[in-house]
Every structure is written in structure tokens, then in C-alpha cells.
Amino acid sequence: MPNLTSLRDFWRSLEPRAQLTLVISLLAVAATMYGVYHFASKPSYTTLQTGLTPATTGRVTDALASAGVSYKIENGGTAVAVRDGQQDEAQVALGKAGVSASGHDGFDLFNKSSLSTTQFQQDVNYQRALEGTIATNIEAIDGADAAQVQLVLPKDQLFQDERSSASAAVLITAPLGLDASSVRGIAHLVSSSVPGLDPEHVTITDQTGQMLWPTGDGGGAGGTPTKLQAQQTYAAQLSSQIDAFLVRTLGPGKAEARVNVDLDLDETSLESMSYGDKKVPLQQNTTKETLKGGGGSAGAAGTPSNIPPGYAAGAGAGAGSNYNSTSEQVTNGADWTRTKSVVAPGTVNKLDVALLFDSTVKGESVAAVNDAVSSMLGLDPSRGDQLTSSTIQFAKLPAAGSSGGGIAGMGSPLDLGKKAAAGIGVLAFLFLVRRSLKRRESDPVAPEPRWLREIQQTTPLAALGPGPLDVSDLQSERRKGMQAAAEDLVRRNPDQVAMQVATWMNE
């Protein structure tokens, strides 16, 4: 093992550059070993629960701390992570504390029973468990990131008419919105989970405070787009269809389309009545009269003188005839038809289409595209639809090969400077190490002689070369060093030295 004297001699034999290189290398090795040790010894954590409220986070951390589980709070207090290998212990601790994995209290609150629990505490725990279970079920629906449920449960009354009805309030966090069917399903899910709860007594709001349920038409308002949103969505769909058509026909970067649409989102009911020429009998009455003659004598004496001759003859002849009379009364109704229809919202009131062509597109192609787009959209001039087209020179797109070149393709100037500095530092370090190693290969193994270092003035080579080498000085110095080491060894371990000497004498 080299002593301090040899290490000092070796250090003095190096040039300043070699000494600096050696120091930098040792520091780099020490920093690398420290970084590896720090990274390897740093504990890793696994997220256990996310989407927690501050109150739930407090209960979770209390349960983990009481169980001796190492944890870390993340995402601004809405997530809790535990050290790797302690997930099972954390789940057991949370289950024992009555905190569910979803962040809501469940019916596991009743896993801990106590003889001192009052009926009021039982009712409160039941309500908390029911609210937590319903909130967990709502969060399982696509689009609902988080949910909070508040229930108002009626108290038992002696008379049924004095009992109040149950109600529920639900707050849902849905950044992308919920459609009407999902909101309606949530309302019925909540009402079916609570005894005696009517769906109309369920109030659902989103994170913006907008009421999703109930609404006047009985449908959820969540996800029902406003008029502006519906028009923008429909216009974007038409624009994308036209752009795809333009790319297929003219090529990329030759034309673009923009559509502005006016929609009628009002739901209307139409009733109409039409009359025909055909008569429809509603009521018909027929009356018949019949009279049979008895053949009696004519009038009193003196009467024939007052009756015309012809009439007297006719009366005598018809004395034995029958009388029949028939009358018919008919009540007719009008032939009419009543039609009732409901017009769904979404009728197009007006369409405005703007087409922009590159100057390289010829006129006949522009006219053909205008006709095709007009037929594709079904433009109706009677309702005010318009199609306008313009031709300008488009900006030239950058070449595909130059998109990733230059400083812009490599990132920001700051990132580029960091990468360049790191590369230069690595190259300089490797260059210095290689130069030092190459220089050390050419140096002799033996250290520099002391007499050469003790020369104080300039001496010609002829005066240094032929002189005899004083080997006695070197041997005396080595002998003195060995003697000092032996004396020090005897002074520190006299017993062992005596035993070793006795062994040598016996041999």
C-alpha cells in the first residue's frame, strides 16, 4: 500500500494541467456516485387515491399516519400517494378507518360498531353512507369526473299527511358536459336509491352553477347546446365536408370554405284543417202518412148546386181511394280533416357559404366547384341562401424538408444553448482525460529523482550526464525508512513482534 510520501512524490511529478484533470475527474466521479446513490436511495411513491376533497384528504392522511404508512400529498391536496410496497397496508388502514377508496364514505362506516352509539349517530351515518354510495355510482358514468350528493330524508311521523317528502341535491363536475339522457338517468338513479324520493324533487347542477335537472319539459338541460353552439357545430361540420371535397378535387392548399348558418331551435306545433266537396250525412229522418177512404155520401141537401160539375164527379169517383204521403229530413256535415304536427328544432333558416380559391385555380374549375358545392349543400335562394367565391394568391407553404431545420426546428434558443454547453463540456472533459492519459504513457514509471528537483540553477547536460550515480544515498534513505517502520511496529505491537521472533528462532 503506497504511503503518503510516494503519493506526494507522484502528485509533484504531474504537470499542472494533469493535476487539474485528475482533480476534475475525481470530482466528476464523486458527483456521479452521489447522484446514483441519491436516486437509488430516494423512495418512490404510488398514487393511491385521486379526486379527493380537502376534508376527505384529511381523513385519509390521518388514517395512514395512525397506521405508520408513509404518504405524500399531490395535485394540490386532491391526491394521496404512498410508498411502494405499502399499498396493501394503506388499503387496510383506510378500510379500518371507514374511508372508501373512491373518496366518499360508504356503508363500511357500519363496520365499526359501538355500544355507546345513539340512534341519532346511526341515522347520520346512514345518510352519509347513502350519499357516498350514490356519489360513487354517479362518478362511474362517463363524463362525470366528480359528484357530491346531499340528501334531505324525512322523519317518521305519526300521521302520513304530516310527513315531508325527500329531496336530493347533486353537484356534478363535468368539463365536457353531459347529454340529456345521462342527466335524466342520473336523476332516476338518485330517486331510485332513496325511498320515497320523486325524480322531480332531485336537483342537479354542474360546476358552473347551471341547472341540469329538472326542467320545464321534463328533460335534462345538461348537454343541450345553446343556439350559438349548435350553429357553430353545424357550420364546422359543413365546412369540414366542403374542405375535404376541395382537397380531393383541387389538391391541398388550393381552396378553403367557411359556412355561416342560421338555425331555428324553437320547437313548434302546427295544426291545420282542410274541407272537401263531399257531403257527409250526419242525421236522416223519414216520415210516412197513409189514409184510406170509407165511401160515405156526399154533402147535405142543396150542396150539389154549389159544387162545380167536374169536382162533384171526381169526388164521387174517389170516395173509395187511399192516401199516402212520405217526407224525409237529412242533416249533412262538412268533409274536413284536422292535422296536428310537431316541428323538431334545428330547421335551417339561412346558409351563407364563402369559398376562397388560390390564384392558380382556373376559372372553369371555380365555376364547377361552385355548382358542386351549391348542390351538395342544397342551397335555396328563396330563403336567402348565398354562395360567394373569391380568388387570391395563397401564402406559400414551407417545404416538408425545412420544417424541422434550423433553430426553430431544434427548439427555443435557451434549450439550444443548454444542449450546446453540455456537449462542449463533455467534449472538453474527454479531451483533457485523453491528453493526460497519453502524457502519462510516455512518462517513466520511476518517480523523478530528488537530485533533479533540487537543482536551483541552470546546469548543462554535459555536467549532469557522466557523473556516477550515488546509490549509497538511496540505500541509506531506504534503510532508515524501513528501520523507522520496524521501530514503530515494535512500539505498537510488542507482543505480536515477540511471538513472531520466537517463531523464527524455533524454525
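Visitor: Which element gives the most to the nonpolar patch?

Guide: Helix α2 does, with four residues. A patch here is made of residues with over 30% relative accessible area and no salt bridge, where nonpolar side chains (Val, Leu, Ile, Met, Phe, Trp, Tyr) are joined within 5 Å and like charges within 9 Å. Accessible areas come from the Shrake-Rupley method with a 1.4 Å probe, and for residues only the protein chains shown count as cover. A salt bridge is a side-chain nitrogen of Lys or Arg within 4 Å of a carboxyl oxygen of Asp or Glu.

Visitor: Which residues form that nonpolar patch on the surface?

Guide: Phe10, Trp11, Leu22, Val23, Leu26 and Leu27, with about 550 Å² of accessible area together. The elements giving two or more residues are α1 (4-13) and α2 (16-41). Leu26, for one, is found in helix α2. Helices (H or I, at least four residues) and strands (E, at least two) are DSSP runs, numbered from the N terminus.

Visitor: And what pLDDT does the chain average?

Guide: First, pLDDT is the predictor's confidence in each residue, from 0 to 100. This is a predicted model, where local features need pLDDT of at least 70, side-chain atom pairs count only at 80 or more, and totals for chains, interfaces and linings use all residues. Residues are numbered from 1 along each chain as its sequence is written, and side-chain values use heavy atoms, with hydrogens and water left out. The protein chain averages 76, and 75% of the residues score at least 70.

Visitor: Which residues are bridge partners in β3?

Guide: Val80 is the partner of Ile73, and Arg83 is the partner of Tyr45. β2 (residues 71-74) pairs with β3 (residues 79-83) over four bridges, and β1 and β3 also pair over four bridges. In the hairpin of β2 and β3, four residues lie between the strands, and Asn75 takes a positive phi near 55°.

Visitor: Where is the cis peptide bond?

Guide: Look between Trp213 and Pro214, where omega is about -5°. Pro214 sits in the loop between β7 (211-213) and α7 (227-250).

Definitions and conventions: Two strands pair if DSSP finds at least two bridges between them.
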